[in-house]
Amino acid sequence: MKLFDGERAVVTGAASNIGCAIAKALAAEGAHVLAADINEDGLTTVAADIRAAGGSVETLTCDLSDQAGWRPLADAALALAPEMLVHSASPARKEFDTVATVTEETFDQMINTNLRSGFLLSRTIAEQM
């Protein structure tokens with residue numbers, strides 16, 4: 001039995017790490033996955049892996065660290081009419097950065113990706129759900 005057979009999911013940060021694992025797991029359980037990430041090569045690999053395992057996937061390369069970067073994904077998600085949204089995207093940063101050393105540019109990328117894009121995507125998609 002496939003837990004999410006026929007359902008549609010949007011997964012951000014899908015090219016690596018937790019987002020990749022979630023996209024693959026949802027597809028393995030029957031969901032059609034819209035995998036989004038800034039890393040186009042990583043998305044290509046994830047999509048190939050999902051298809052090789054018999055799953056259904058489409059990809060969208062987008063930069064959620066840009067203030068308007070969430071809009072193309074929101075448009076694609078609205079066209080898909082998903083039942084699920086997993087916001088796993090997070091900008092690359094130096095692991096040794098602390099509050100005292102993180103740059104303003106990195107902080108802005110973190111806020112735009114983790115909070116702004118997550119909030120605006122969630123609100124937009126939830127209105128359709």
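Me: Start with alanine 81. Where is it found?
Reply: This is a predicted model, to begin with. In it, alanine 81 sits in the loop between α3 and β4.

Me: What's its phi?
Reply: Phi of alanine 81 is near 55°. That is a positive value in a residue other than glycine.

Me: And is alanine 81 buried, exposed or partly exposed?
Reply: Partly exposed, because its relative accessibility is 28%. The cut-offs are under 20% for buried and over 50% for exposed.

Me: What about asparagine 17, what's phi there?
Reply: Asparagine 17 has a phi near 55°, again positive and not a glycine. Its place is in helix α1. At 67% relative accessibility, asparagine 17 counts as exposed.

Me: Switching to α2. How many residues does it have, and how far does it reach?
Reply: α2 covers residues 40–52, so 13 residues. From first C-alpha to last it reaches 18 Å. That is close to the 18 Å expected at 1.5 Å a residue.

Me: Which α2 residues are buried?
Reply: Gly42, Leu43, Val46, Ala47 and Ile50. They cover an arc of only 130° around the axis, which puts them on the same side of α2.

Me: What do they pack against?
Reply: The buried residues of α2 pack against α1 (17–28), β2 (32–37) and β3 (56–61).

Me: Which exposed residues are on the face turned away?
Reply: Asp41, Thr44 and Ala52. That face of α2 is turned away from the buried side.

Me: What happens at the start of α2?
Reply: A side-chain oxygen of asparagine 39 comes to within 3.2 Å of the backbone nitrogen of aspartate 41.

Me: And which glycine follows α2?
Reply: Glycine 54. Its phi is positive, near 90°.

Me: Pockets next. What's the volume of the largest one?
Reply: About 380 Å³.

Me: How many residues line it, and which lie nearest the centre?
Reply: The largest pocket is lined by 21 residues. Nearest its centre are Asp37, Ile38, Ala89, Ser90 and Pro91.

Me: Which elements supply at least two residues of that lining?
Reply: α1, β2 and α4 (104–128) each do. The largest share, three residues, comes from α1.

Me: Cysteine 62 next. Where is it, and what does it touch?
Reply: Cysteine 62 is found in the loop between β3 and α3 (70–80). Leaving aside neighbours within four places in sequence, cysteine 62 is in contact with Ala36, Asp37, Ile38, Gly69 and Leu73. Two of those names, Asp37 and Ile38, also came up for the pocket centre.

Me: Is cysteine 62 buried or exposed?
Reply: Buried, because its relative accessible area is 8%.

Me: How far is cysteine 62 from glutamate 7?
Reply: They are 23 Å apart in space, C-alpha to C-alpha. In sequence, cysteine 62 and glutamate 7 are 55 residues apart.

Me: Now threonine 106. Which helix is it in, and what's it in contact with?
Reply: Threonine 106 is in helix α4. Beyond neighbours within four places in sequence, threonine 106 is in contact with Arg93 and Asp97. At 15% relative accessibility, threonine 106 counts as buried.

Me: Last one, alanine 92. Buried or exposed?
Reply: Exposed, with a relative accessible area of 73%. Alanine 92 is found in the loop between β4 (84–87) and α4. Its C-alpha is separated by 18 Å from that of leucine 60, 32 residues apart along the chain.

Terms used:
Residues are numbered from 1 along each chain as its sequence is written. This is a predicted model: local features need pLDDT of at least 70, side-chain atom pairs count only at pLDDT 80 or more; totals for chains, interfaces and linings use all residues. Side-chain values use heavy atoms; hydrogens and water are left out. Helices (H or I, at least four residues) and strands (E, at least two) are DSSP runs, numbered from the N terminus. The expected span of a helix is 1.5 Å times one less than its number of residues. Buried means under 20% relative accessible area, exposed over 50%, partly exposed in between (1.4 Å probe, protein chains only). The arc is that of the directions from the helix axis to the C-beta atoms. Contact means heavy atoms within 4.5 Å. A polar contact is a pair of N or O atoms within 3.5 Å; within protein, one must be able to donate a hydrogen and the other to accept it, and residues adjacent in sequence count only if both atoms are side-chain atoms. On a 1 Å grid over the protein atoms alone, a cavity is a set of points where a 1.4 Å probe fits but cannot get out, and a pocket is an open set with protein on both sides within 12 Å along at least five of seven lines; lining residues have an atom within 4 Å of a point. Grid points are joined across faces, edges and corners, and a volume is the space filled by probe spheres set on the points.
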